[in-house]
Amino acid sequence: MKRRRFLMTAAGGGAALGAGLGPALVNLYAFGQEANLSHLEARYYKKLADREIECQLCPRQCRLGDKERGYCGVRENDGGTYYTLVYGKVCALNVDPIEKKPFFHVLPKTNALSLATAGCNVNCKFCQNWEISQARPEQVRNVDLSPAQAAEAAGRYGCPTIAYTYSEPTVYYEFMVDTALEARKRGIRNVVVSGGFINPEPLEALTRIVDAIKIDLKAFTPEFYKNYVQGKLQPVLDAITLVRKSKVWLEIVYLVIPTLNDDLDDIRRMARWMAGTIGTDVPLHFTRFSPMYLLKNLPPTPVSSLEKARDAARAEGLRFVYIGNVPGHEGENTYCPKCRTLLIRRFGYQIQENNLKGGACPNCRTAIPGLWT
Amino acid sequence: MPELSNGDPRPLDLRFSPPAGLLGFVATTWQIYLIREFAAQFHGSELTFSFVLAAWLLWGGLGGLWVGRRFLRRAGTARLFAAALLAAPAVFIALRCSRWILKTLPGEVTASSAVLGFALAAALGLNFPLGAAFVRIAEASARNVARVYFWESAGAAAGGLISYLIFIPLLPDWTALAVIQTAAAGASLALFKKGRPAIAVLAAAALGPVLMALDLPLQHSVWRPFDLVVTRDSPYGRIQITRAAEQITVYDNGTRAFSSPDPTAAEDAVHIPMLLQGRPERVLLIGGGLGGALGEILKYPVRRVDYIEIDGRMVEAVRPFLGDADRTALDDARVHLVLTDGRAYLERSPDRFDVIIVSVPEPTTAQFNRYYTVEFFRLAKSRLAPRGVFSFKTGAADNFMSPARRAYLGILRTTLRSVFEAVAVMPGENAVFSGSGSPLRLDAEDLSARLETRGIRTMTLTAEVLRNRLHPLRLDEFRRALEEPGSPINSDGKPIGYFFQTLLWSEQKNGAEARLLRLVSRIPPLPLLAFPGLLFLAALLRAAARRTSESASSVALAWLGLSTMAVEILVLVRYQALYGSFYGHAARLLSMMMAGLAGGAWIGARIRRPSQRRWTALQAGIFGLLLLACLGVSKRPPEIAFDLFLLAWGLLAGDVFVTAGRLVPPPPGRTGRGYAWDLFGSFAGAVVLSAVYVPLAGLPATLAALAAMAALMPAFSHLERKTPRG
């Protein structure tokens with residue numbers, strides 16, 4: 001083979017292969033760009049000079065230049081106007097028992113239409129739903145669902161509530177609020193499952209629309225929030241206090257993670273704070289950690305750690321302290337705080353017995369706080 | 001342009017070169033233990049292994065290439081050995097302490113970029129000085145690279161065999177490392193009479209016992225605040241048991257295997273297939289028995305349970321810590337524990353089972369992927385009794401699945417569907433896949449009724465949970481996600497499952513490597529294979545344009561390194577798919593290759609007149625072997641065929657290396673160039689092959705592409721010969 005011929009042949013072969021590679025490269029560029037995003041002006045932000053904005057929805061208060069997105073990844077500054085990209089763009093829609101949220105004092109044995117969009121304003125290393133919460137809306141498959149359609153779907157599936165859950169509802173605030181209003185029109189209640197990392201003004205507005213809020217208090221030390229959540233503790237405590245002062249029903253969940261937030265002194269301090277600030281009637285759930293996401297190699301929580309946490313919280317005066325994610329444990333049940341009569345027997349999500357009479361203990365007539373009807 | 005000259009007709013001197021033998025021995029044993037330590041410290045995905053291998057080869061190559069540079073000019077063999085020996089304990093200790101360096105929790109997922117960083121740093125400390133030492137030894141042997149290459153390969157073969165036969169089965173990893181360290185330091189002191197940095201080497205020798213003494217305290221510190229109660233190195237990896245309150249957690253190579261008591265963990269894996277089958281009497285359980293599955297199976301009136309566990313040391317280590325229920329289950333007269341490879345057991349067993357449950361780790365590596373392939377599913381189906389059910393579970397998501405997870409689960413469903421007439425997949429945090437020749441009905445009410453009638457009490461798998469998991473809304477979305485068209489089949493020859501597992505793992509950190517893997521996953525196989533072909537062509541053209549036989553030989557040696565590494569990886573993947581017990585036999589197979597390389601180098605050195613024709617014939621031989629591999633890749637050759645193939649490849653490759661050096665002797669000051677190019681080629685082969693090409697393009701296509709590239713090599717030599725001198 002002559003050198004020139006060899007070079008020609010090689011060049012020809014290269015060109016042919018390159019031609020094959022071309023469409024693939026175009027394909028590569030397109031990866032993840034199959035966006036189905038909304039473009040609706042967001043609420044709670046401030047316009048600044050030079051087309052910058054400051055988001056005022058959550059304590060992060062992202063200050064963004066043109067075309068930049070907030071930490072949550074679902075709100076974008078476009079030419080000095082802030083837009084939500086996930087209004088009506090639902091990526092998860094399920095029917096779940098309300099006990100799964102968990103709400104133990106809200107309409108037991110009913111289902112909640114549970115929905116979420118992508119995005120979150122924190123990044124917990126143990127997130128159960130990291131595939132939604134840490135995704136950008138372009139990275140998930142969104143289904144179009146208007147607030148009216150969501151409310152209609154709840155009715156169709158026999159759900160007396162809509163739960164805004166899975167990821168962080170704060171980041172799809174506009175959609176949550178409008179859906180809640182639509183649901184109310186149809187007599188459907190609204191419950192929010194949140195990390196409580198939200199500014200007082202939007203939260204206050206939310207409490208006028210929804211019926212119950214469950215806040216994940218992830219630990220009682222600022223260090224934990226800094227290291228494992230990428231958030232801050234104080235705004236969450238402020239949110240809890242605000243919700244408690246409103247008419248909205250409040251429950252608190254504390255996920256006990258071995259060695260990270262299971263210190264009994266911290267748990268006692270938290271319970272003391274709860275008793276002193278929001279009272280002893282707010283249910284507190286100590287739930288068992290299952291290895292997840294970036295902490296999937298940590299062991300699950302030993303049941304005895306949950307029991308110790310529960311005992312510590314009770315000792316501080318809290319009246320409704322539960323153990324979660326341990327099906328069959330007596331810590332799942334509701335007892336009358338006065339006479340210790342068994343009121344609701346649970347087995348996982350299952351309600352095996354409900355002895356409440358008009359929201360009160362059948363034995364001593366003590367009113368049990370909650371949304372029972 | 002000069003043609004490849006006919007070399008010196010005299011046979012080369014192959015007298016024993018102790019430094020070269022020591023170098024081969026130390027390099028191989030360190031490499032083996034480095035990979036084991038990485039597997040135990042980080043998540044042992046295929047990507048991790050290829051990072052370590054690639055970093056190793058890259059720094060070895062650079063060491064050889066940069067030996068002439070100012071900063072290495074005064075470094076003699078003794079100093080280079082001393083540097084490597086001093087670095088070795090530091091490297092292993094730093095790796096063990098990676099948790100503090102990376103500021104992660106015990107057992108926290110580490111980003112692949114961090115793993116790559118550690119791999120590069122470790123290989124810099126260990127193999128950079130050794131790469132440079134190779135060249136120094138060759139310079140001291142009157143630039144007789146063949147002699148060094150021969151004895152280095154022989155040392156490597158010995159290192160592999162000794163590790164396989166003695167170190168791994170008998171010694172904890174760091175004890176073996178201490179033995180290697182002290183012995184190598186002693187040998188180094190004895191060998192290098194002139195200019196030896198004796199103090200450094202003595203210090204290095206003393207570090208051996210230090211390493212051994214630090215092993216356990218460091219392991220305990222790494223796990224703190226958990227209480228590490230057992231740690232044991234087995235041929236399959238590191239087994240560690242931690243205790244927190246009443247609960248123990250068992251780690252296999254740093255990954256959580258199970259906790260005990262944890263009554264909820266095994267219910268999914270067991271009850272779905274058992275309930276779907278109806279009345280199971282004979283059950284085969286592959287893995288998972290220590291994590292509670294046995295106890296769940298024994299809730300049914302079964303006649304016999306065959307429980308297969310590959311690692312006997314795992315059973316020994318865990319048994320004393322099991323709760324009463326799990327220990328009773330393990331000792332139940334109906335349970336027959338067999339310590340062997342699950343796939344091999346199925347192949348040998350003449351029995352038929354009502355239910356086969358596979359509970360092995362997810363297919364993060366080619367080693368585990370072999371339990372999720374179409375070939376394995378076919379094998380399992382052939383061992384099912386009429387109405388029998390085959391089942392396995394894998395991580396999913398309860399509420400939402402990312403595109404990568406959908407793709408991964410879709411692959412498993414398509415693969416199962418291609419074998420079984422009926423397939424049912426239970427959604428949830430664990431997706432439970434079941435396949436059968438008879439219809440399968442996944443209905444919440446039906447399954448709850450069966451639980452009820454048999455009086456089986458479960459903790460998590462209750463009627464309410466079944467209803468929730470099988471709610472039409474969730475089930476429809478789950479089915480839609482899994483039944484997307486175009487999902488490929490996971491097979492032994494194209495193990496795409498582990499690629500998507502690696503992608504899923506990377507997505508958790510959502511770093512650059514996840515984006516890169518996502519992009520690569522979108523490239524169709526043809527352009528994927530064409531890309532390195534294009535690079536190779538470009539290298540050939542560049543070499544042709546430079547018109548020097550040295551550049552021609554560099555390309556040839558880079559190709560040699562790449563193809564040798566590729567063949568090594570492809571053969572190991574195929575071997576373990578067919579015969580399993582990879583860890584036990586990998587060292588043997590690699591030693592076979594090393595022995596071949598040594599033999600080839602010997603032949604190449606002893607031959608009287610190396611010629612252009614011989615060179616071309618050797619290239620043709622390599623092409624022939626690749627062609628043979630292409631033809632045989634879908635067959636099932638006897639085990640010995642793998643050893644012979646690697647031996648034959650080693651013989652040819654060793655010969656090619658030496659012949660290239662004889663035909664185109666390196667100019668003074670460039671003695672190590674050929675070796676460096678060989679390692680760079682190997683680096684390229686290692687970095688992309690196991691992680692990307694094997695799973696995405698498949699073994700047959702990758703082999704065919706290699707054969708096509710091999711076919712170009714003789715043509716290239718031909719070109720050189722016909723081109724007039726420049």
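## Basis of the values

The model is predicted, so local features need pLDDT of at least 70 and side-chain atom pairs count only at pLDDT 80 or more, whereas totals for chains, interfaces and linings use all residues. Residues are numbered from 1 along each chain as its sequence is written, chains are lettered from A and ligands numbered from 1 in the order in which they are written, and side-chain values use heavy atoms, with hydrogens and water left out.

## The interface of chains A and B

In the contact between the chains (heavy atoms within 4.5 Å), 60 residues of chain A meet 65 residues of chain B. The two chains bury about 5,700 Å² between them, 60% of it on carbon and sulfur atoms; buried area is the accessible area (1.4 Å probe) that two parts lose on being put together, summed over both.

The rule finds 4 salt bridges across this interface, a salt bridge being a side-chain nitrogen of Lys or Arg within 4 Å of a carboxyl oxygen of Asp or Glu. The side chains of B:Asp398 and A:Lys100 form a salt bridge with an N to O distance of 2.6 Å. On the side of chain A that touches chain B, α1 (3–29), β8 (92–97), α2 (130–133) and α9 (303–315) each supply at least two residues, and α1(A) gives the most, with 12 residues; helices (H or I, at least four residues) and strands (E, at least two) are DSSP runs, numbered from the N terminus.

## Aromatic pairs in chain B

Over all chains, the search finds 32 aromatic pairs, counted where ring centres of Phe, Tyr and Trp (its six-membered ring) lie within 6.5 Å, with planes under 30 degrees apart taken as stacked, over 60 as edge-to-face and the rest as tilted. The rings of B:Tyr149 and B:Phe657 are stacked, with centres 3.9 Å apart and planes at 10°, and this pair joins helix α7 (residues 145–170) to helix α27 (residues 639–663) across 508 residues of chain B. B:Tyr149 is buried at 5% relative accessibility, as B:Phe657 is at 4%, where buried means under 20% relative accessible area, exposed over 50% and partly exposed in between (1.4 Å probe, protein chains only).

B:Phe376 and B:Phe390 form an edge-to-face pair, with ring centres 6.0 Å apart and planes at 70°. Both belong to one aromatic cluster, which also includes B:Tyr371 and B:Phe433.

## A buried alanine

B:Ala556 lies in helix α24 (residues 549–579) of chain B and is buried, with a relative accessible area of 1%. Leaving aside residues up to four places away in sequence, B:Ala556 touches B:Trp615 and B:Met713.
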